[in-house]
Amino acid sequence: MEFYKLQSGGRMPALGYGTFLATGIELEQSLNIALETGYRFFDTAIGYNNEPVIGKVLNEWISAGKVTREELFIITKLPCFGNRPEEVDTYIKQSLKDLQLDYVDMYLIHLPIGLFKNGKTLYSDMELDNSTDHLNIWKKMEDQVVNGRAKSIGLSNFNIKQIQRILDNCKIRPEGLQNENHLYMQSPEVVRFCKLNDIILISYSTLGMKSFRELAGLSWKNKQLPEMLENDVLVKVAKKHGKTTAQVLLRFLNQKKIAVIPKSVTPDRIVENFQIFDFKLDTEDLDALRSEDNGEDGRIVYFSMIKK
């Protein structure tokens, strides 16, 4: 396993296990397989409604002496309906209780957008909070590091302008940025910005999120794009290395020093996704894969369920 060094002194595994859209017994079984495979980095969020399941499994492994808390790297996120300074403490405490942990390794602001929950469960029913103040929220995020609830803090779904504003006004710098990044949307300007500012970019949607797209009725703007894992250039590179297309996609980002958190509930794929460090893409491979970037036309997630 490769690791990325954090400014705060810790280190983040280059490869983690994503839990978006995974719940219940299926998630419990998948987490056990992931832990047995060797995953020690797990990504979740209050918005995923699965933290109690993750907490149960992690507690079982720690209690049984099969893993120590120090070996684990856990990320969770402040939900957009908690994007107010006075609510940061409440939501991180809820996450810690559900995860059965004393601290998380990284706490992220999930979205730059704030919402009022008002008793609703669907984002589409919640009202936009036009008073959302990133800087005041960030001060409370910094407090979580000071009081020991989070080892490090960061952002998710933020753009360069929004991140720069926080960098210009913070005491504790953001150490991670979790954004959509994959073959069809490579965001080279964001990658460069993160490298210049010692921020670890964490990719989501790395493998194309086919099941999520089908469930949500989403598609790329460029309708000519083939399914990501079936892309001809990718298939050719995968055959060359005797690897799956998913393994090549993960390795492609890994070689750009981007952390990846693939999600699967299929045992064989959970194991396969972990096996990306025994081969290396050459310059020809990297150039070929870079040429498949479609910019914003390759975006999957638009948060269109949020009003306005």
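Analyst: What follows is a set of questions and answers about a predicted model.

User: Why is His-110 called buried?

Analyst: Buried means under 20% relative accessible area, and His-110 has a relative accessible area of 15%, so His-110 is called buried. His-110 is found in the loop between strand 6 (106–109) and strand 7 (115–116). UniProt, in an unreviewed entry, lists His-110 for "binding site".

User: Which residues is His-110 in contact with, leaving aside its neighbours within four places in sequence?

Analyst: With those neighbours left aside, His-110 is in contact with Ala-45, Tyr-48, Lys-77, Leu-78, Ser-156 and Asn-157.

User: What makes His-241 partly exposed?

Analyst: The term covers what lies between buried, under 20%, and exposed, over 50%; the relative accessibility of His-241 is 23%, and therefore His-241 counts as partly exposed. His-241 sits in helix 8 (residues 232–241), and, not counting residues up to four places away in sequence, His-241 touches Phe-279, Lys-280, Leu-281 and Asp-285.

User: How do you know that the buried residues of helix 10 are on the same side?

Analyst: The buried residues in helix 10 (residues 267–274) are Ile-270, Asn-273 and Phe-274. They cover an arc of only 105° around the axis, and therefore they are on the same side of helix 10. The face turned away from that buried side carries the exposed residues Asp-268 and Arg-269, while the buried residues pack against strand 3 (17–18), helix 1 (24–37) and helix 9 (245–254).

User: What about helix 5, and what do its buried residues pack against?

Analyst: In helix 5 (residues 160–169), the residues Ile-163, Ile-166 and Leu-167 are buried. Because they cover an arc of only 100° around the axis, they are placed on the same side of helix 5. On the other side of helix 5, Lys-161 and Asp-168 are exposed. The partners against which the buried residues pack are helix 4, strand 9, strand 10 (176–180) and helix 6 (188–196).

User: Why is strand 5 described as largely enclosed by the rest of the structure?

Analyst: Six of the six residues of strand 5 are buried, and therefore strand 5 is described as largely enclosed by the rest of the structure. Strand 5 runs parallel to strand 4 (residues 41–43), and three bridges join the two; in strand 5, Ile-74 is the bridge partner of Phe-42. Helix 4 (residues 134–146) lies across strand 5 (73–78), strand 6 and strand 9 (153–156), running at about 140° to strand 9.

User: How do you know that strand 11 and strand 12 pair?

Analyst: Two strands pair if there are at least two bridges between them, and two bridges join strand 11 (residues 200–204) to strand 12, which run parallel. In strand 12, Val-260 is the bridge partner of Ser-203. Both belong to an open sheet of eight strands in the order 3-4-5-6-9-10-11-12, with parallel pairing.

User: What makes strand 3 and strand 12 edge strands?

Analyst: Strand 3 and strand 12 (259–260) each pair on one side only, and they are the edge strands of that sheet.

User: Which residues of the largest nonpolar core touch the most other members?

Analyst: This core has 82 residues, and those that touch the most other members are Phe-42, Tyr-107 and Leu-177. The largest share of this core, six residues, comes from helix 9. Apart from it lies another core, of 13 residues, among them Met-12, Phe-41, Met-106 and Ile-200. In soluble globular proteins, nonpolar side chains tend to be buried together.

User: Why is Asp-198 called exposed?

Analyst: The word exposed requires over 50%, and Asp-198 has a relative accessible area of 55%, so Asp-198 is called exposed. Asp-198 lies in the loop between helix 6 and strand 11, and the phi of Asp-198 is near 55°, a positive value in a residue other than glycine. Most residues other than glycine have a negative phi.

User: And is Gln-100 exposed or partly exposed?

Analyst: Gln-100 has 43% relative accessibility, and therefore counts as partly exposed. Gln-100 lies in the loop between helix 3 (85–99) and strand 6, and the phi of Gln-100 is also positive, near 55°.

Technical notes
Residues numbered from 1 in each chain as written. Predicted model: local features only at pLDDT ≥ 70, side-chain atom pairs only at ≥ 80, totals over all residues. Heavy atoms only, no water. Buried < 20%, exposed > 50% of the residue type's maximum accessible area, 1.4 Å probe, protein only. Helix = DSSP H or I, 4+ residues; strand = E, 2+ residues; numbered from the N terminus. Arc of directions from axis to C-beta. Contact = heavy atoms within 4.5 Å. Core = buried A, V, L, I, M, F, W, Y, C linked by side-chain atoms within 4.5 Å. UniProt positions renumbered as here; feature names shortened; annotations may be inferred. Axes fitted to C-alpha atoms, helices over the stretch in contact; angles between N-to-C directions.
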